[in-house]
Amino acid sequence: MRLSWKNSLLIHFILSTIAIGIAQTIESSAFTAEPGVVLNFRQEFNSYAWLGNAAFKKRVSPRWFMNFNESFKSSLLRLATEGDRWKDDQNIGMEIGFNVLPTLTWLTKTTLLQFQDKQSGYDNDVSSYVFNSGLLYTPWPFLKTKLSLGPKQEN
């Protein structure tokens, strides 16, 4: 069965919309943590792990809101012959938004990611800083489209 160009275009549009929704969900996951503070520690044999998350959501006025999230994972591998090996992963983000219309929101977001890995033996250190501002259009609860611009620096 061969699809007509109209059906092909419709399927492409639906799949693109799904992909945009998935990308939006992944991108905004830093700001979906429940408000509060969580700290965890775990130790198994010569391996130690610290996990933490702090999230803050505040509606400043009926139209202005602010979200903050900080999470970290730190692990220590204690080796008798080689000493201590650390792996650290930290993600900090802040988002300020203004509801222009019920379906249109102006967002400004900054995110800092730092990752250092001394456990693997490879040079896996990564640092990333992102600042962007743009519009989020939500015509229906199941459809979101975001257009944003800003610099990104990676090391």
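The questions and answers below concern this predicted model.

Trainee: In what order do the helix and the strands follow one another along the protein chain?

Mentor: The protein chain has one helix and eight strands. Read along the sequence, the pattern is α-β-β-β-β-β-β-β-β.

Trainee: What percentage of the residues of the protein chain count as buried?

Mentor: A residue is called buried when its relative accessible area is under 20%. The protein chain has 155 residues, and the share that counts as buried is 20%.

Trainee: How much of the accessible surface of the protein chain belongs to carbon and sulfur atoms?

Mentor: The accessible surface comes to about 11,200 Å². The part of this surface that belongs to carbon and sulfur atoms is 63%.

Trainee: Is lysine 57 buried, partly exposed or exposed?

Mentor: Lysine 57 is found in strand β2, which covers residues 47-59. Its C-alpha atom is separated by 6.4 Å from that of phenylalanine 68, eleven residues apart along the chain. Values from 20% to 50% lie between the two cut-offs. The relative accessible area of lysine 57 is 40%, so this residue is partly exposed.

Trainee: With which residue does arginine 42 form a salt bridge?

Mentor: Side chains of opposite charge can pair when their charged atoms come close. The cut-off for a salt bridge is 4 Å between nitrogen and oxygen. For arginine 42, the closest N and O atoms are 3.4 Å apart, and the partner is glutamate 44.

Trainee: What are the relative accessibilities of arginine 42 and glutamate 44?

Mentor: Both residues of this salt bridge were named above, arginine 42 and glutamate 44. Arginine 42 counts as partly exposed at 46%. Glutamate 44 is also partly exposed, and its relative accessible area is 48%.

Trainee: What is the N to O distance in the salt bridge of glutamate 82 and arginine 85?

Mentor: Glutamate 82 is partly exposed, with a relative accessible area of 49%. Arginine 85 counts as partly exposed at 22% relative accessibility. Their side chains meet in a salt bridge, and the N to O distance is 2.3 Å.

Trainee: Which residue forms a salt bridge with aspartate 84?

Mentor: Aspartate 84 is partly exposed, with a relative accessible area of 41%. In its salt bridge the closest N and O atoms are 3.1 Å apart, and the partner is arginine 78.

Trainee: How many salt bridges are there by this rule?

Mentor: The pairs discussed include arginine 42 with glutamate 44, and aspartate 84 with arginine 78. By the rule applied here, the count of salt bridges comes to five.

Trainee: What is the phi of phenylalanine 45?

Mentor: Most residues other than glycine have a negative phi. Phenylalanine 45 lies in the loop between β1 (36-44) and β2, and counts as exposed at 80% relative accessibility. Although phenylalanine 45 is not a glycine, its phi is positive, at about 55°.

Trainee: What is the area of the nonpolar surface patch that includes leucine 101?

Mentor: Leucine 101 is found in strand β4, residues 83-101. At 47% relative accessibility, leucine 101 counts as partly exposed. The patch is made by Val60, Trp64, Val100, Leu101, Trp106 and Leu135, and its area is about 520 Å².

Trainee: How many aromatic pairs are there by this rule?

Mentor: Ring pairs link Phe41, Tyr48, Trp50 and Trp86 into a cluster. By the rule for ring centres, the count of aromatic pairs comes to seven.

Trainee: How many residues apart in sequence are the parts tied together by tryptophan 64 and phenylalanine 98?

Mentor: The two rings form a tilted aromatic pair, at 4.8 Å centre to centre with 50° between the planes. Tryptophan 64 lies in strand β3 (residues 64-79) and phenylalanine 98 in strand β4, so the pair ties together parts whose separation in sequence is 34 residues.

Trainee: Is the pair of tryptophan 64 and tryptophan 106 stacked or edge-to-face?

Mentor: The pair links distant parts of the chain, 42 residues apart, with tryptophan 64 in strand β3 and tryptophan 106 in strand β5 (residues 104-117). Planes over 60 degrees apart meet the cut-off for this class. The ring centres of tryptophan 64 and tryptophan 106 are 6.0 Å apart and the planes stand at 85°, so the pair is edge-to-face.

Methods
Residues are numbered from 1 along each chain as its sequence is written. This is a predicted model: local features need pLDDT of at least 70, side-chain atom pairs count only at pLDDT 80 or more; totals for chains, interfaces and linings use all residues. Side-chain values use heavy atoms; hydrogens and water are left out. Helices (H or I, at least four residues) and strands (E, at least two) are DSSP runs, numbered from the N terminus. Buried means under 20% relative accessible area, exposed over 50%, partly exposed in between (1.4 Å probe, protein chains only). Accessible areas come from the Shrake-Rupley method with a 1.4 Å probe; for residues, only the protein chains shown count as cover. Patches are made of residues with over 30% relative accessible area and no salt bridge: like charges are joined within 9 Å, nonpolar side chains (Val, Leu, Ile, Met, Phe, Trp, Tyr) within 5 Å. Rings of Phe, Tyr and Trp (its six-membered ring) pair if their centres lie within 6.5 Å; planes under 30 degrees apart count as stacked, over 60 as edge-to-face and the rest as tilted.
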